[in-house]
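Here is a walk through one protein chain.

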Amino acid sequence: MPPSSAALLRWYDRHRRTLPWRALPGRTADPYHVWLSEIMLQQTTVAAVIPYYHRFLDLFPTVGDLARAESDTVMAAWAGLGYYARARNLHACARAVAAAGGFPRDMAGLLALPGVGTYTAAAIAAIAFGQPVVPVDGNVERVTSRLFALTDPLPGSRKTIARHAATLNDSAEARARPSDFAQALFDLGAGICTPRQPACALCPWRESCAGLGRGIAASLPAKAPRTARPVRHGAHFLLTDAGGQILLRRRPEKGLLGSMLELPGTEWRPTPWREAEAMAFAPARADWRAAGRITHVFTHFTLHVDVYAAHVGHFPNTVARIGGMAVPHADLDTLALPSLMRKCVAAAWPERAT
């Protein structure tokens, strides 16, 4: 029995989530709000995103405001959300959209925008512009794999899952309400077809679910065994002066945490840095003290950073060689300082930690 779009939409009409970027029933979604939320939600939970979303709209009420903003202002507003390439692409995309006079309404145009992939393009197209496409995020992957009892493990099964998901909106009911249907799928995965202990008895599609019929729904989607996350090591230095300033520098534009500010330090490598070895990268001659080790988990590796701290009367002129800049501690909240570096500051200067 094919899943009933009408049953899903009836369930959605009763149980839809209230989210700050979601249009009220009967209203058309703002493509700027949809796009902004979808970029923020990549690799991040709804609960974590909501305060950042509100802050962005306060700072940049329209896509034109975001396009005209300085890069450092955008990166500072993003700081703490992680995956900072998203913020750079977000800013570039806003400029492209503003230059074009608005968001493209079709998949091809949306896919041409910086930082917009297949899922994000489909989400904007369906939710904001009523295009009859199915955006396939983690929730929709889970619903689809259970509905069709697709047992091949992720990530290799993603294309197969996407092909099955594309059939979910074949009915006239789904195509008449593409925005609601896409969001109903999201809500079904988030509230009923959850990763652990799905509430199958409450599911509007339980009669059509092959995974439930075979008793394997809770085990799907299967996942290939994870490989061990590599470990890297670094050392960073917090240097303060008599005026309460901190020495920072800007990371290269390309690469991890590109264009973000950081405490001066070593490269990150597979082997630990001995203290004597790390001191060759200290930004100035000073009475350095070990301030502890912090651990930060990135998507593809775990980083251990040894933090060193020192205080001088004034910063020497030699710090210019490393691109150093003196920043008042009170200004840290307004700067593009990633959470990794905030951890380092807190470890080295706990009495002034933000």
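The paragraphs below move from the overall chain to local detail.

This is a predicted model, where local features need pLDDT of at least 70, side-chain atom pairs count only at pLDDT 80 or more, and totals for chains, interfaces and linings use all residues. Residues are numbered from 1 along each chain as its sequence is written, and side-chain values use heavy atoms, with hydrogens and water left out.

Take confidence first. The pLDDT (the predictor's confidence in each residue, from 0 to 100) averages 93 over the chain. A score of at least 70 is reached by 99% of the residues. Among the elements, helix 4 (residues 63–68) has the highest mean, 98. Strand 6 (residues 325–328) has the lowest, 89.

Now the overall build. The chain has 15 helices and 6 strands. These are DSSP runs numbered from the N terminus: helices are H or I with at least four residues, strands are E with at least two. The C-alpha trace spans about 75 × 45 × 35 Å along its principal axes. Of the 354 residues, 49% are buried. Buried means under 20% relative accessible area, exposed over 50%, and partly exposed in between, using a 1.4 Å probe and protein chains only. Contacts (heavy atoms within 4.5 Å) show how the sequence folds back. Counting pairs at least 6 apart in sequence, 68% of contacts join residues at least 24 apart.

Next, helix 9. Why is helix 9 (residues 138–147) largely enclosed by the rest of the structure? Because 9 of its 10 residues are buried. D137 caps the N-terminal end of helix 9, with a side-chain oxygen 3.1 Å from the backbone nitrogen of N139. Just after helix 9, A149 takes a positive phi of about 50°.

Finally, a loop residue. E267 sits in the loop between strand 3 (261–262) and helix 14 (275–278). Is E267 buried or exposed? E267 is exposed, with a relative accessible area of 51%. Beyond its neighbours within four places in sequence, E267 is in contact with H233, G234 and W273. P135 is 132 residues from E267 along the chain, and their C-alpha atoms are separated by 39 Å.

Conventions: A polar contact is a pair of N or O atoms within 3.5 Å; within protein, one must be able to donate a hydrogen and the other to accept it, and residues adjacent in sequence count only if both atoms are side-chain atoms.
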